[in-house]
Amino acid sequence: MKKKIMLIVPMLHQGGFERVCVATARLLEPYYEVYIVIFSAMDIAYDIRGLHVMDIHMKSVEGKAGKVLNVFRRAKRVAALKAEYGIDIAYSFGPTANLVNVFSGMRPFRRNAAKREGTKRAEIWCGVRSYMDMGNPGLLRLFCRCSDRVVSCSRLIQRELEERFSCRKVCTLYNPFDLAGIQAQAKEAGEKDRLPFAGCGRVIVSMGRQDDVKGFWHLLKSFSLLHRKYGDARLLIVGEGDFKEYWKLAEDLGISDAVSFPGVKKNPFPYLALGRMYVMTSINEGFPNVLVEAMSLGIPVISANCMTGPAEILSDDFDAVSRRQEYLDADYGILVPVMEEKKNLDASVITEEERKLAGQMERLLSDEALYEKYSRAAAARAAQFSGEAYVERIREMAEEAKEQK
């Protein structure tokens, strides 16, 4: 009989751990009975056809008291679903889902759900998906204490959980990628005619929601310097948000005709494939999926060496480059220092770090040998993040859980 796995995620709108949740469900289907539990079906951005998705219809609410009550309401419902379906492992993605997963595994919720003592308790796996989660030590202590396994997407996060919270249940599980699927979707018929800047040779691409943590104002200012030298250069930023403040900044910088913000795309890969290079200016990340996605298309990348993810993706020797705030030609891409966290939308203020980022972008545009080196290296590195390796590790973890019971 197949083991039953429940994946818990608040929503399935566009985002990193949402993508991982859907990918995990598809990859595990041949081996397990897989159920996805979501708190709201609003704005689903992923293809969930054929997946067993259960919406508990409890979207987010305003106010501290309302949020607390909502956690308990969700936990009660999820506990009931765990009991009804006989779930063996419940794996949650992100702090909101982790809270529900942890509380739904506590005895009062399980007893209420099953109406009797002795109901099988599902293994609880809490996913810590971003370094920003490290800023809430109270929640992390709870997850470390009350879960059976803490699943990190980064070795640095694992190390800090072990050192700061004496967590011995933590492991690193890198995000899975369907590399062949990405490459196929990047060529999907019908997309190209509607793509901005199709046919332009010097397109710089970045992706992410409109959030200050992405540091997009730095990218716009750096690009404006590049555009002065390469008038045919274009910048494409794909992601959720209206980007009004960035449209205004682009106008103030005199580059509005050379910039596009096309919004959220269910298939973003044809947009990604336009890139001559991919540039990431994030202040913080967990494991930036889009770096690997860009690399799978042979696109050279420049990335801020933020706390987790980029150093592990772009270098063979993680310890040698992690936390180094320098300009580094790493094994698989270029690492640059994390830039100023405080947002500055004044077009007249261009910092030295923004000038240096522009210089790194120019290197990739002007040095054909460097470009070819990182194009080949990117594709080779991306191949190491296959879905097969991900599934094998989860199956090992599931067997370990079975042995420990």
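This is a predicted model: local features need pLDDT of at least 70, side-chain atom pairs count only at pLDDT 80 or more; totals for chains, interfaces and linings use all residues.
I started with Tyr-85: at 22% relative accessibility it counts as partly exposed, since buried would need under 20%.

Next I looked up the ring partner of Tyr-85. The partner is Tyr-35, with ring centres 4.9 Å apart and planes at 50°, so I logged the pair as tilted. Tyr-35 sits in strand β2 (residues 33–38) and Tyr-85 in helix α2 (residues 64–85), so the pair links distant parts of the chain, 50 residues apart. Tyr-35 itself is buried, at 8% relative accessibility.

Then I went to Tyr-174 and Phe-385. Their rings are edge-to-face, 5.7 Å centre to centre with 80° between the planes. Both residues are in loops: Tyr-174 between β7 (170–172) and α7 (179–185), Phe-385 between α15 (368–382) and α16 (387–404). That pair spans 211 residues. Tyr-174 is partly exposed at 26%, while Phe-385 is buried at 6%.

How many aromatic pairs does a search of the whole structure find? I got 14. I also found a cluster, with ring pairs linking Phe-216, Phe-243, Tyr-246, Trp-247 and Phe-261.

Charges over rings came next. Arg-276 lies over the face of Tyr-371, at 3.5 Å from the ring centre; Arg-19 does likewise over Phe-177, at 4.7 Å.

Last, the cores. The largest nonpolar one has 115 residues, and Phe-223 is among those with the most contacts inside it. Helix α8 (residues 216–229) gives the largest share of this core, seven residues. Leaving aside neighbours within four places in sequence, I noted contacts of Phe-223 including Ile-204, Leu-235, Val-259 and Met-361. A second, separate core of 28 residues includes Val-9, Tyr-32, Cys-171 and Tyr-390.

Key. Residues are numbered from 1 along each chain as its sequence is written. Side-chain values use heavy atoms; hydrogens and water are left out. A nonpolar core is a set of buried Ala, Val, Leu, Ile, Met, Phe, Trp, Tyr and Cys residues joined through side-chain atoms within 4.5 Å. Buried means under 20% relative accessible area, exposed over 50%, partly exposed in between (1.4 Å probe, protein chains only). Helices (H or I, at least four residues) and strands (E, at least two) are DSSP runs, numbered from the N terminus. Contact means heavy atoms within 4.5 Å. Rings of Phe, Tyr and Trp (its six-membered ring) pair if their centres lie within 6.5 Å; planes under 30 degrees apart count as stacked, over 60 as edge-to-face and the rest as tilted. A charge sits over a ring if NZ of Lys or CZ of Arg is within 6 Å of the ring centre and within 35 degrees of the ring normal.
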